[in-house]
Amino acid sequence: MGEKKGFFSRLVSGLTKTRDNIVSGMDSIFHGFSHIDDDFYEELEETLIMGDLGVHTTIEIIEELKEKVKEQHIKEPIECRELLIDSIKKQMDVGETAYEFENRQSVVFVIGVNGVGKTTTIGKLAGKFHAQGKKVILGAADTFRAAAGEQLKEWANRAQVEMIGGQEGSDPAAVVYDAVAAAKARKADILLCDTAGRLHNKKNLMEELKKINRVIDREYPDAYRETLVVLDATTGQNALAQAKEFNEVTDITGVVLTKMDGTAKGGIAVAIQSELGIPVKYIGVGESIDDLQKFNADEFVNALFYTNDKKEYTEDEE
Ligand SMILES: Nc1nc2c(ncn2[C@@H]2O[C@H](COP(=O)(O)OP(=O)(O)OP(=O)(O)O)[C@@H](O)[C@H]2O)c(=O)[nH]1
Ligand SMILES: [Mg+2]
């Protein structure tokens with residue numbers, strides 16, 4: 001697997017556009033203002049909102065900055081940089097980021113609207129777990145289109161794992177049933193289930209997920225459950241809205257933010273984490289099998305802000 005390049009350096013190159021969008025704007029404010037005044041705060045606020053950090057999050061960050069500036073009698077705008085970075089990190093902290101499912105016998109559901117990158121993400125996860133020596137099975141519970149199963153099959157081959165599928169139009173819960181049976185028979189570590197992308201009919205989706213959950217409750221009660229919602233980072237605030245909607249339908253345990261390689265909207269990671277309290281667990285940084293990285297809020301913020309001072313971090317290899 002191509003994990004030779006560290007997480008941090010991958011992140012730095014993947015976040016160029018986000019950095020240009022948020023950080024350059026912020027830095028020109030820090031350098032352009034000679035005093036800390038209302039205009040200064042307003043411009044900062046605007047930059048953060050434009051950078052997709054979300055209104056709620058931005059307001060909290062700015063409030064906290066104002067307090068610190070008062071407390072610490074700060075006069076120079078540039079001194080706010082460090083304080084702001086700390087506030088953003090604090091906003092993103094949702095406690096211990098859970099990757100427990102990776103090390104347990106688990107069933108992972110991957111949900112999300114059309115085209116966000118669900119199937120691709122499953123392929124990447126399968127490749128990663130297989131490379132770690134885990135036994136992985138894919139369940140092609142997206143039976144909506146025949147092509148969906150074929151696409152997942154290609155990923156299964158690439159990742160060298162087994163896939164269980166069904167006929168086009170067949171009941172996704174039946175596919176899950178078969179996939180669970182296979183996972184038990186092969187003593188699999190992780191069963192990754194693809195699903196059809198749709199949210200337009202919330203009630204149907206809810207019913208379908210309930211039915212699938214019942215199958216797992218009955219057939220595989222000891223399995224650890226993980227439900228990952230995949231969001232396309234390029235859609236910015238829409239991604240946040242989708243996360244909210246899916247969260248109403250089911251218990252989401254994590255977010256995968258894809259297409260971080262080509263977007264200026266990576267700031268949405270901050271908004272998701274702080275506004276919904278759902279941890280972003282992985283980010284997709286390209287279309288190939290090794291283009292998936294574990295997400296770490298601290299490293300993410302560092303990668304955004306400290307491009308010229310790498311002493312600040314430790315290269316993190318899994
Ligand atoms: N650049 C980039 N492209 C990605 C990433 N993840 C997925 N894609 C691309 O996004 C497109 C859609 O990916 P799929 O995995 O088919 O998305 P999906 O959610 O399964 O789509 P449906 O099954 O149609 O709902 C493909 O062209 C992928 O190659 C990523 O992290 N970066
Ligand atoms: Mg798909």
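Predicted model: local features only at pLDDT ≥ 70, side-chain atom pairs only at ≥ 80, totals over all residues.
Q: Which residues of helix 4 are buried?
A: In helix 4, the buried residues are Thr-57, Thr-58, Ile-61 and Leu-65. Seen down the helix axis they fall within an arc of 95 degrees, so they line one face of helix 4.

Q: Why would residues three or four places apart point the same way?
A: An α-helix has 3.6 residues a turn, so residues with that spacing point the same way.

Q: And what does the buried side of helix 4 pack against?
A: Its buried residues pack against helix 3 (38–50), helix 5 and helix 11, while the face turned away from the buried side carries the exposed residues His-56, Glu-63, Glu-67, Lys-70 and Glu-71.

Q: What is the phi of His-73, after helix 4?
A: The phi of His-73, which follows helix 4, is positive, near 50 degrees.

Q: Moving to helix 5, which residues are buried there?
A: Cys-80, Leu-84, Ser-87, Ile-88, Gln-91 and Met-92 are buried in helix 5. Viewed down the axis of helix 5, these buried residues fall within an arc of 135 degrees, so they line one face of the helix.

Q: What covers them?
A: The cover over the buried residues of helix 5 includes helix 2 (16–32), helix 4 (55–71), helix 11 (268–276) and helix 12 (297–305).

Q: How far apart are the end C-alpha atoms of helix 5?
A: They are 18 Å apart, which agrees with the 18 Å that the 13 residues of helix 5 (residues 80–92) should span at 1.5 Å a residue.

Q: New topic: how many residues surround ligand 1?
A: There are 20 residues around ligand 1, and the closest are Gly-117, Thr-119, Thr-120, Gly-197 and Gly-284. The shell divides into 3 nonpolar, 11 polar and 6 charged residues, and its largest share, 3 residues, comes from helix 6 (residues 118–131).

Q: What does UniProt list for residues 279–292?
A: An unreviewed UniProt entry lists that stretch as "domain: SRP54-type proteins GTP-binding". In the model, residues 279–292 are 0% helix and 43% strand, with end C-alpha atoms 16 Å apart.

Q: Last one: is Lys-187 buried or exposed, and what about Lys-259?
A: Lys-187 counts as exposed because it has 8 C-beta neighbours inside 10 Å, whereas Lys-259 counts as buried because it has 23. Lys-187 sits in the loop between helix 8 (172–185) and strand 4 (190–195), and its phi is positive, near 50 degrees. Lys-259 lies in the loop between strand 6 (254–258) and helix 11, with a positive phi of about 60 degrees.

Conventions
Residues numbered from 1 in each chain as written. Chains lettered and ligands numbered in written order. Near = placed C-beta within 6 Å. Helix = DSSP H or I, 4+ residues; strand = E, 2+ residues; numbered from the N terminus. Nonpolar A, V, L, I, M, F, W, Y, C, P; charged D, E, K, R; others polar. Expected span 1.5 Å × (residues − 1). Buried ≥ 20, exposed ≤ 12 C-beta atoms within 10 Å, placed from the backbone. Arc of directions from axis to C-beta. Contact = placed C-beta atoms within 7 Å. UniProt positions renumbered as here; feature names shortened; annotations may be inferred.
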